[in-house]
There are 2 protein chains.
Amino acid sequence: MSAIDNPYYSPEFHGDYELVDIGRLELEEGGVIPACHLAVATFGTLSEARDNAILVTTWYSGTHQIWRDAYIGPGHALDPERYFIVVVDQIGSGLSTSPHNAAGPNAGIAMSAFPHVRIGDDVVAQERLLREHLGIETLELVVGGSMGAQQTYEWMVRFPGRVKRAAPIAGTARNTPHDFLFTRTLVEAITSDPGFAGGEYASNADVVAGLERHARIWGVMGFSTEFWKQEVWRALEFETAEAFLEGFLQPYFTAMDPNDLLCMAWKWQHGDVSRHTGGDLAAALGRVTATTFVMPIDEDMFFPVRDCAAEQQLVPGSELRVVQDVLGHLGLFSVNPEFMPQVDRHLRELLGTKV
Amino acid sequence: MSAIDNPYYSPEFHGDYELVDIGRLELEEGGVIPACHLAVATFGTLSEARDNAILVTTWYSGTHQIWRDAYIGPGHALDPERYFIVVVDQIGSGLSTSPHNAAGPNAGIAMSAFPHVRIGDDVVAQERLLREHLGIETLELVVGGSMGAQQTYEWMVRFPGRVKRAAPIAGTARNTPHDFLFTRTLVEAITSDPGFAGGEYASNADVVAGLERHARIWGVMGFSTEFWKQEVWRALEFETAEAFLEGFLQPYFTAMDPNDLLCMAWKWQHGDVSRHTGGDLAAALGRVTATTFVMPIDEDMFFPVRDCAAEQQLVPGSELRVVQDVLGHLGLFSVNPEFMPQVDRHLRELLGTKV
């Protein structure tokens with residue numbers, strides 16, 4: 001029940017970031033994070049008028065690293081020469097306050113004692129960080145993929161006047177029942193490992209078998225059937241599908257902390273902006289004033305286009321912009337050279353809209 | 001390493017069937033079943049000319065019971081008043097020779113000692129049964145769903161002159177890489193349970209946690225995202241998705257034998273008619289002379305229409321007949337009242353073709 005060391009969660013693997021202590025965070029579900037630290041990476045310079053800020057939210061297992069490497073930079077829509085781009089790693093990401101690193105004032109919530117966190121808690125924390133620590137009140141754009149889309153929707157509904165534009169990519173405002181069940185199989189792959197020991201393992205290496213099974217379930221749902229059929233992994237220079245799993249997807253997840261993944265999984269499962277409106281999703285999304293592009297990925301197996309399109313119809317004045325990628329959901333990794341040009345085209349157009 | 005009792009595999013749960021000993025079966029992978037017993041249920045009467053026989057093959061976890069209850073009967077295309085319908089439960093089904101029931105001359109291959117069985121072994125066994133025990137050389141129709149479709153394709157390629165018509169439903173001739181990975185997650189849900197004990201458990205109850213996880217993975221892939229979103233389970237008189245899982249899908253699988261499921265899973269993973277032609281699928285399917293309707297289910301998550309359509313294009317003179325069912329793959333259970341009328345219409349038309 002005390003924090004453990006995991007070298008994966010360090011600048012060596014994720015590049016530079018700043019840890020900002022935003023103070024005590026009371027959680028929706030009743031728990032408390034005594035000293036909530038958010039890992040933050042910024043790109044570009046905040047204008048004097050403080051009117052060029054973009055917030056990027058992160059997905060399950062992902063951090064600012066993938067955004068820095070693939071999505072942000074000169075030539076991209078997220079151009080640091082023009083915008084001040086703030087990527088905030090989610091609570092439970094392993095970089096921000098998370099079960100495995102809860103120490104000092106957070107020692108009481110380490111490991112299995114970590115409280116349930118909701119998407120809304122992240123957004124409240126991000127808003128405080130932006131306002132109190134960066135002096136940002138209004139965002140030109142909020143953008144994120146998957147769980148990052150959940151946070152984007154939460155921003156759109158919770159702080160409609162503060163978000164000028166929004167781009168939820170490959171994610172939903174209210175988690176679907178199918179997604180809930182899918183995430184449950186991920187959770188169970190981890191918790192069923194005897195090495196998990198109810199969350200009180202000494203090292204993530206004790207749970208490697210469960211983390212590997214978790215990775216292989218991702219292999220089934222994270223990529224599309226065509227990804228496997230067309231052997232798209234060959235473009236990543238693997239010789240066999242098995243080598244791809246063993247050389248890419250399994251190491252990606254076995255480096256991570258089981259409790260951290262479970263924290264994010266619970267949050268993902270319970271993502272739902274309609275809790276602001278007594279369960280009425282149309283009423284919640286009807287509050288949105290941001291100019292919004294809803295951007296599902298055509299081959300996504302668990303955030304299928306039709307689920308995203310149904311929500312898009314409820315967002316006033318929004319547009320559906322489908323991204324084509326045979327990788328499916330994990331197209332978000334941006335390994336397909338045709339992925340980013342589409343994302344950039346949509347985001348550039350969105351940023352070009354007058355608001 | 002000796003057979004165990006499991007009351008689920010009995011006429012009480014599956015209705016009447018006959019156990020036919022077809023003798024020693026040498027297996028493709030090198031193993032042997034010393035005395036292969038096939039569970040067989042027949043409906044109708046074989047004509048004197050022996051020209052009205054239909055063979056039905058079974059899917060993973062399914063037996064003749066579902067075919068008898070849902071697919072066969074007066075008013076259905078599979079009409080016992082006109083046809084002699086033979087349903088053969090697959091090896092590993094728990095009714096035919098299987099790991100959990102291997103006793104007597106098969107005692108040496110009980111439980112974890114059971115050899116790998118291929119789809120081709122089932123078809124060889126079925127052909128022997130039909131010819132030697134029922135005097136049937138030619139089949140008016142071979143039809144099966146899922147793994148039953150794999151067996152149907154094997155019949156079409158292996159015995160082209162003996163199969164007049166064929167209807168592979170919701171399955172493929174060569175298993176896809178995605179299906180292989182999906183099935184692996186099912187296998188691992190079982191084998192990772194400490195109670196599995198390397199296949200030497202004393203009762204399937206020892207593996208209930210693994211079997212339940214296996215059932216929940218089926219919940220994610222077996223039904224469609226829309227099934228869950230539209231809460232189609234309400235039509236089955238459940239109050240919640242959780243109640244449906246606990247009252248339907250989990251009990252369905254926890255009654256079964258883990259080694260039997262693994263035997264079928266391995267067979268499913270390795271289904272491939274192109275092993276007859278050195279890996280050339282077009283050459284294998286080019287051998288087919290049966291009049292064939294390829295019948296995928298539109299919402300199937302793991303035998304998607306495009307995979308089935310790609311194979312259909314390789315079968316000379318075949319037609320693609322897509323069945324609409326929001327249940328997805330497990331539409332095969334025929335709980336949707338709109339499922340059987342479609343299947344019957346296609347099969348009736350197929351049986352009406354002159355060959």
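Predicted model: local features only at pLDDT ≥ 70, side-chain atom pairs only at ≥ 80, totals over all residues.
Strand β5 (residues 53-57) of chain A and strand β6 (residues 84-88) of chain A run parallel and are joined by 5 bridges. Within this pair, A:Val56 has A:Val87 of β6(A) as its bridge partner. As background, strands of a sheet pair through backbone hydrogen bonds, either parallel or antiparallel.

**The sheet in chain A**

Where do β5 and β6 sit in the sheet of chain A? Follow the order β1-β4-β6-β5-β7-β8-β9-β10, in which 8 strands form an open sheet with mixed pairing. At the edges stand β1 (18-21) and β10 of chain A, each pairing on one side only.

| Strand pair | Bridges | Example of partners |
|---|---|---|
| β5(A) and β6(A) | 5 bridges | A:Val56 and A:Val87 |
| β8(A) (residues 165-169) and β9(A) (residues 291-294) | 2 bridges | A:Ala166 and A:Thr292 |
| β9(A) and β10(A) (residues 319-320) | 2 bridges | A:Phe293 and A:Glu319 |

Helix α4 (residues 147-158) of chain A lies across β5, β7 (141-145), β8 and β9 of chain A, and its direction is at about 150 degrees to β7(A).

**Helices that cross in chain A**

Helix α4(A) has a helix partner too. Its axis and that of helix α3 (residues 119-134) of chain A come within 9 Å and cross at roughly 70 degrees. That angle makes α3(A) roughly perpendicular to α4(A), and their crossing is right-handed. Residues in this contact include A:Val123, A:Glu127 and A:Leu130 of α3(A), along with A:Met147, A:Trp155 and A:Arg158 of α4(A). Sorted by class, the contact has 6 nonpolar, 4 polar and 4 charged residues.

Now look at a second pair. The axes of helix α6 (residues 208-221) of chain A and helix α8 (residues 241-254) of chain A come within 8 Å, crossing at roughly 130 degrees. These two helices are therefore oblique to each other, and the crossing of α6(A) and α8(A) is right-handed. Among the residues that make the contact are A:Leu211, A:His214 and A:Trp218 of α6(A), together with A:Leu249 and A:Phe253 of α8(A). By class, this contact of α6(A) with α8(A) has 6 nonpolar, 4 polar and 2 charged residues.

**The sheet in chain B**

Strand β5 (residues 53-57) of chain B runs parallel to strand β7 (residues 141-145) of chain B, and 4 bridges join them. Opposite B:Thr57 stands B:Gly144 in β7(B).

**Where the two chains meet**

How many residues of chain A are in contact with chain B? There are 26, and they touch 26 residues of chain B. Between them, chain A and chain B bury about 2700 Å², with 61% of it on carbon and sulfur atoms. Three residues, A:His178, A:Val220 and A:Arg306, supply 21% of the area that chain A buries against chain B, more than any other three residues.

Conventions. Residues numbered from 1 in each chain as written. Chains lettered and ligands numbered in written order. Heavy atoms only, no water. Axes fitted to C-alpha atoms, helices over the stretch in contact; angles between N-to-C directions. Parallel < 35°, antiparallel > 145°, perpendicular 65-115°, else oblique. Left-handed = near helix turned anticlockwise from the far one by under 90°. Contact = heavy atoms within 4.5 Å. Nonpolar A, V, L, I, M, F, W, Y, C, P; charged D, E, K, R; others polar. Pairing = 2+ DSSP bridges. Buried area = accessible area lost by both parts, 1.4 Å probe.
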